[in-house]
Amino acid sequence: MASNSTKSFLADAGYGEQELDANSALMELDKGLRSGKLGEQCEAVVRFPRLFQKYPFPILINSAFLKLADVFRVGNNFLRLCVLKVTQQSEKHLEKILNVDEFVKRIFSVIHSNDPVARAITLRMLGSLASIIPERKNAHHSIRQSLDSHDNVEVEAAVFAAANFSAQSKDFAAGICNKISEMIQGLATPVDLKLKLIPILQHMHHDASLASSARQLLQQLVTSYPSTKMVIVTLHTFTLLAASSLVDTPKQIQLLLQYLKNDPRKAVKRLAIQDLKLLANKTPHTWSKENIQVLCECALQTPYDSLKLGMLSVLSTLSGTIAIKHYFSIVPGNTVTSPRSSDLVKLAQECCYHNNRGIAVHGVRVLTNITASCQEKELLALEQDAVFGLESLLVLCSQDDSPGAQATLKIALTCMVKLAKCRPHLSQSVVESLLTQLHSAQDASRILMCHCLASIAMQLPVLGDGMLGDLMELYKVIGRSATDKQQELLVSLATVIFVASQKTLSAEVKTVIKQQLENVSNGWTAYRIARQASRMGNHDMARELYQSLLTQVASEHFYFWLNSLKEFSHAEQCLTGLQEEDYSSALSCIAESLKFYHKGIASLTAASTPLNPLSFQCEFVKLRIDLLQAFSQLFCTCNSLKTSPPPAIATTIAMTLGNDLQRCGRISNQMKQSMEEFRSLASRYEDLYQASFDADSATLRNVELQQQSCLLISHAIEALILDPESASFQEYGSTGSAHADSEYERRMMSVYNHVLEEVESLNRKYAPVSYMHTACLCNAIIALLKVPLSFQRYFFQKLQSTSIKLALSPSPRNPTEPIAVQNNQQLALKVEGVVQHGSKPGLFRKIQSVCLNVSSTLQSKSIQDYNKIPIDSITNEMEQNVEPHNDYFSTQFLLNFAILGTHNITVESSVKDSNGIVWKTGPKTTIIVKSLEDPYSQQVRLQQQQAQQPLQQQQRNAYSRF
């Protein structure tokens with residue numbers, strides 16, 4: 001994450017140059033607020049959300065909201081409306097207001113206005129602030145009063161505020177429930193107001209009794225007011241209340257099914273389906289077999305396609321959850337009916353070939369999910385129904401490039417991948433139907449089909465060879481025009497070809513791809529294909545494409561980036577010439593590869609900018625360079641057994657030292673150093689893994705595989721040479737059981753297992769060090785290097801972006817200036833922070849809590865006796881976990897500086913994700929503290945020194961007499 005952002009962001013706002021930016025921006029807006037022109041005042045108000053986004057720290061936000069509260073108090077209604085909109089837009093920053101009482105006091109003064117519109121805006125403002133003032137009794141009282149107002153605008157505002165406070169405050173919800181009930185049941189209340197009051201009851205979920213009373217009221221309403229609008233609003237509120245309280249969900253499902261089955265109105269049926277879908281997503285485990293049966297019967301009986309589509313979408317959602325197992329489970333005592341004759345299966349089979357493609361795709365999805373999750377023998381025959389249904393949908397949708405057809409095709413292709421994964425014997429027919437249809441499909445459909453083929457080939461690489469011929473034929477004929485879809489199709493097809501080729505691309509395949517790229521592609525398409533080649537390990541193809549792109553970029557940073565990728569591909573290509581048992585050529589191949597890697601890292605460093613430092617890429621490549629150098633060193637060490645065999649007196653030396661390994665000569669020490677180097681590399685790979693919070697799972701798995709390679713070689717050295725007796729193979733034996741998601745991982749796992757078998761067969765068979773041992777190590781290195789390295793997505797593309805900004809208080813005016821603290825006092829260090837996200841927050845993982853570690857070290861000390869001071873007083877070491885709320889967190893540390901001198905305080909943050917995994921993301925912030933002697937101690941010390949001086953003078957006089 002933001003490991004490089006070491007500057008505190010409160011330095012942006014209070015004491016440095018950047019704080020001047022925040023202050024000047026606030027002063028500029030304040031000038032607009034004080035303007036006599038209404039337009040300038042409004043413009044200043046609406047610019048505040050941007051200010052909060054840029055400087056999201058409490059000092060500025062508190063000042064800004066107090067200024068807005070002043071505008072709200074003295075301005076006209078239009079300005080108040082602008083302030084209300086700003087407050088609603090900045091909801092996540094409200095809890096950073098420090099002077100809540102003062103802020104609310106200024107806002108609340110307007111509630112006593114004679115203008116009902118002003119009162120209405122104030123009520124909406126109070127409702128928007130409910131999250132920070134949930135228990136303000138004066139606000140509660142004002143809302144209750146305003147519900148009885150004769151002004152419609154004020155009453156609507158009071159309803160809005162009541163809903164917001166009910167969601168936040170249990171006391172308010174309990175107090176307002178009876179009032180709402182009276183108003184809804186009162187004859188004087190207009191129907192449109194009743195429709196607005198009913199949704200407030202969805203927030204009555206704070207305890208069971210409150211939820212029960214709200215449910216009883218809703219039950220009365222549903223029977224007392226049978227009009228369409230009232231039933232729709234009441235049922236939806238019923239559903240939301242049940243989903244929040246979690247107690248009455250089964251009853252609510254039954255009620256909705258009852259309305260779906262018996263109510264003749266289509267609008268009510270649609271609402272029931274919509275709410276059933278919501279409950280199917282949120283609580284699928286509460287659906288009983290009878291519930292699903294009723295839904296199937298309704299779907300079979302309805303003559304309306306739109307309703308059938310809705311019911312099938314609910315069933316397709318349920319079919320992917322535990323509810324489908326409940327449906328097909330056999331309950332003791334019941335008459336056993338064949339699963340194949342169940343209504344759900346009948347419905348799905350009937351809908352598979354429906355003329356409405358939405359209904360057809362949901363039918364197929366239900367069949368696919370049943371096939372995937374249920375293993376009963378009678379249900380196995382359904383897999384053919386699912387395949388035939390998918391094939392017919394494929395033919396239907398691939399000819400149509402409308403958005404609806406593409407969405408349907410996407411669901412069908414997802415089902416194909418799922419089916420191929422859980423039933424591998426069906427994958428051949430699925431792939432054949434895809435390849436057949438690929439020739440006649442629309443370009444938009446072809447792209448999706450290519451993604452599907454690539455996904456199936458990644459899971460089942462054995463199918464790759466069969467695809468290649470058809471794919472190459474298609475690649476030759478597509479690309480007649482340079483439209484966006486054609487460019488996208490070129491990339492998608494090339495990706496499938498790379499996956500299908502598995503190990504190396506033939507010269508013919510490379511020629512066809514390059515020829516097509518020269519004809520119609522633009523530079524971006526060529527770059528994307530090169531990127532895919534790097535990910536799949538086709539480095540020779542990638543190098544040629546990067547080389548062709550070097551002269552087509554306008555920025556020198558892009559030039560250096562492409563040049564570095566070209567050099568890395570060239571370096572990896574050098575390793576493809578490795579042959580088993582050919583150790584001399586292996587050394588030269590590694591040396592050649594290192595030469596290109598060093599060129600590439602220099603180019604990569606030149607490509608980095610302050611905004612894009614390429615820290616992951618640089619560290620990944622540096623580790624690869626160090627790993628190759630370690631391999632090279634191990635080769636040389638193994639060769640030293642021939643070039644520098646142990647001396648004749650080696651056995652005597654070993655007996656003298658009591659170390660049997662010394663009889664092998666200098667190779668034993670070299671092997672020990674080599675093992676430590678590989679362990680150090682594994683540790684560095686682990687650090688890189690922990691620093692890559694935003695990386696996708698494939699990239700993290702790749703880093704993990706590199707770490708395992710280092711641990712494997714270090715284990716092999718230990719097991720064969722350094723400590724054969726205590727070597728254990730149990731912890732390494734299970735590596736092959738994990739499911740591999742890519743061809744690269746599959747091949748690496750195969751190498752690991754092969755190397756471990758070889759090491760285990762040699763272990764304890766021969767006394768170390770023999771030529772058998774060194775040959776085994778050399779072959780292990782060659783086997784690892786023969787698997788082409790995969791440069792995964794995070795190396796090229798960052799889909800998720802997360803960073804943390806820290807602010808320390810107190811903070812010095814100048815970063816080099818120390819903060820003064822008296823040694824008899826403790827420093828209260830306040831640490832605030834803001835979590836900042838990119839365009840896709842939480843795509844791969846979310847921050848659950850932030851771990852703050854504060855440590856202090858003594859830099860320089862004053863002249864005094866330290867022997868009597870315990871070591872605890874010299875350093876501080878503290879740690880706290882804080883959960884961010886609305887991306888903001890704050891905590892305090894008490895630090896003790898008993899020793900006079902200069903202390904360095906370091907605050908480092910790391911994050912814990914929702915799985916409990918800790919990521920060392922940074923940033924790290926440092927401040928300097930100077931501990932000074934307190935005046936009283938200083939005065940006492942000086943008095944003691946002055947009192948001791950006459951005594952010392954007397955002693956000197958006494959000695960002089962002798």
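**Surface patch and cavities**

Analyst: L38, F78 and L81 make up a nonpolar surface patch with about 260 Å² of accessible area together. A patch takes residues with over 30% relative accessible area and no salt bridge, nonpolar side chains being joined within 5 Å; a salt bridge is a Lys or Arg side-chain nitrogen within 4 Å of an Asp or Glu carboxyl oxygen. Areas are Shrake-Rupley values with a 1.4 Å probe. The model is predicted, with local features needing pLDDT of at least 70, side-chain atom pairs 80 or more, and totals for chains, interfaces and linings using all residues. Residues are numbered from 1 along each chain, and side-chain values use heavy atoms, without hydrogens and water.

User: Is L81 buried, partly exposed or exposed?

Analyst: L81 lies in helix 5, residues 77-89. Buried means under 20% relative accessible area and exposed over 50%, with partly exposed in between. L81 has 37% relative accessibility, so L81 is partly exposed.

User: Which helix gives the most to the lining of the largest cavity?

Analyst: A cavity is a set of 1 Å grid points where a 1.4 Å probe fits but cannot get out, and lining residues have an atom within 4 Å of a point. The largest cavity holds about 70 Å³ of space. Helices 33, 36, 37 and 38 each supply at least two lining residues. With 3 residues, the most comes from helix 33.

User: How much space lies in the second largest cavity?

Analyst: Its lining includes E572, K786 and P788. The volume is the space filled by probe spheres set on the grid points. For the second largest cavity this comes to about 40 Å³.

Notes
On a 1 Å grid over the protein atoms alone, a cavity is a set of points where a 1.4 Å probe fits but cannot get out, and a pocket is an open set with protein on both sides within 12 Å along at least five of seven lines; lining residues have an atom within 4 Å of a point. Helices (H or I, at least four residues) and strands (E, at least two) are DSSP runs, numbered from the N terminus. Patches are made of residues with over 30% relative accessible area and no salt bridge: like charges are joined within 9 Å, nonpolar side chains (Val, Leu, Ile, Met, Phe, Trp, Tyr) within 5 Å. Buried means under 20% relative accessible area, exposed over 50%, partly exposed in between (1.4 Å probe, protein chains only).
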